Amino acid sequence: METAAGVDACLPIRSDMDLVWVRQHVRQAAGLLGFGLVEQTKLVTAASELARNTLVHGGGGRMETAGLTNGHTRGLRLTFSDEGPGIPDLERALGDGYTSGDGLGMGLGGARRLVHEFAVDSTPGVGTKVTVVSWADRSPRPRGEF
Amino acid sequence: MPEHASTGQHGSPAREVGAFLRRRAEQISQRWADEPLFRTVFTVSRDEAVEAGRIVVDALAQVADTDQVHDPDAAGFTVVREQLSRMGAARSRAGFTTAQVSNDVDALRPPVENLLVADLPDEPTELVRDCTTALTVLMGTMRLVVLETALSEGQALIERQRLQLMEVATPVIKLWDGIVAVPLIGTLDSARSQVVMETLLEAVVDQHARFAILDITGVPTVDSLVAQHLMKTVAAARLMGAECVVSGIRPAIAQTIVQLGLDLGTVITRASLADALAYALHELGADIINATPGGAGHR
């Protein structure tokens, strides 16, 4: 798999200000890779949710972005990692309405619905790593949905 | 500086360098005028570049005279700061990074070094070496001074922009008797959404508003936190007797909200501010009717 120039980066997630940076970088990278406006918005929103999780629940961490190429399709992989307490009950965390903070509890599950590939690797006491991938020109879901 | 101790009949190497800089000021500034840092800033006239170069050379000579080649706070560097930071700032504005500007400044060293070596053909090798070292230190300090200035300018810029951002307040606009609107712009983080909520609720009381329109056209990303803030604002306004309408929901945002699983069912939403205003007017019994027959009428 090749990577695209100007897309690969590692951004720190330490404060609210960094979330702005994360969103802008993802928007820009997705634009460079030829994402349509809807896919771009979805990925940026997913990144915003996951980055906030990293900040609020993981106590800060980082986001790595990598451009992907699969045949003629170009994609973007975002990896959010932290060294926080980890997610004790992953199944529940992925379900809607569950929150350990005072949010809506839509972050993790919602982000999963906004991207094409989604993987969580969380070890209690060690940290959490969430990897998401979106492709520029592939319909994300079976027809009939958005 | 002990390693630059006086040698024989000569002054210290730094003073030697100072004397050399004065002697060759014209040639050095001529050569500098051809270097990128001067050439690209003084595009109109080469004489101006030479003049600026002369001022810098004089200032450097002054620093060398006082044996302070290693000290960025030396008095002579004040002039260097003024001159070079102006050029550095011009380069930065042209889109050059601090590192590139630093390289530009470094490029000023070789021509001077060549002149210095050529200037001391009959001197002992040791003295030549010491003088070259002193010159290198001097030019290195100058580079540091320029970088320092560039960085502090960056800091000042960030500070200015931060203040500017704070000024991007959220005005509450009275659209009609009993109808107020808040155009939301940018990131709705906790601090700003709190300000929005407070100003909106105050306006609802002050203006006896029955309808409050929250326009999110200028909000680039609506995630669950932003939605939560919106819903809290809507709920608070409702408690005060005002109905909220959220407008400016773009198609991409709408699809994202649905997939994210956010339920805005309890909130009245409209695609555009105009639609929201038409809705509020209609609810207030103030429908807008087109004067021309066959017009679209109210929405």
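1. Helix α2 (residues 37–56) of chain A packs against helix α11 (residues 251–260) of chain B at an angle of about 45°, with their axes 9 Å apart; axes are lines fitted to C-alpha atoms, for helices over the stretch in contact, and angles run from 0 to 180 degrees between N-to-C directions. Helices are DSSP runs (H or I, at least four residues), numbered from the N terminus.

2. This is a predicted model, in which local features need pLDDT of at least 70 and side-chain atom pairs count only at pLDDT 80 or more, while totals for chains, interfaces and linings use all residues. Residues are numbered from 1 along each chain as its sequence is written, and chains are lettered from A in the order in which they are written.

3. The contact involves A:Leu37, A:Val38, A:Thr41, A:Lys42 and A:Thr45 of α2(A), together with residues of α11(B) including B:Ile253, B:Thr256 and B:Leu260, where contact requires C-beta atoms, placed from the backbone, to lie within 7 Å.

4. Of the 20 residues of α2(A), 17 are buried, so this helix is largely enclosed by the rest of the structure; buried here denotes 20 or more other C-beta atoms within 10 Å of the residue's own.

5. Across the two chains, 22 residues of chain A are in contact with 17 residues of chain B. On the side of chain A that touches chain B, α1 (16–32), α2 and α4 (107–114) each supply at least two residues, and α2(A) gives the most, with nine residues.

Terms used
Buried ≥ 20, exposed ≤ 12 C-beta atoms within 10 Å, placed from the backbone.
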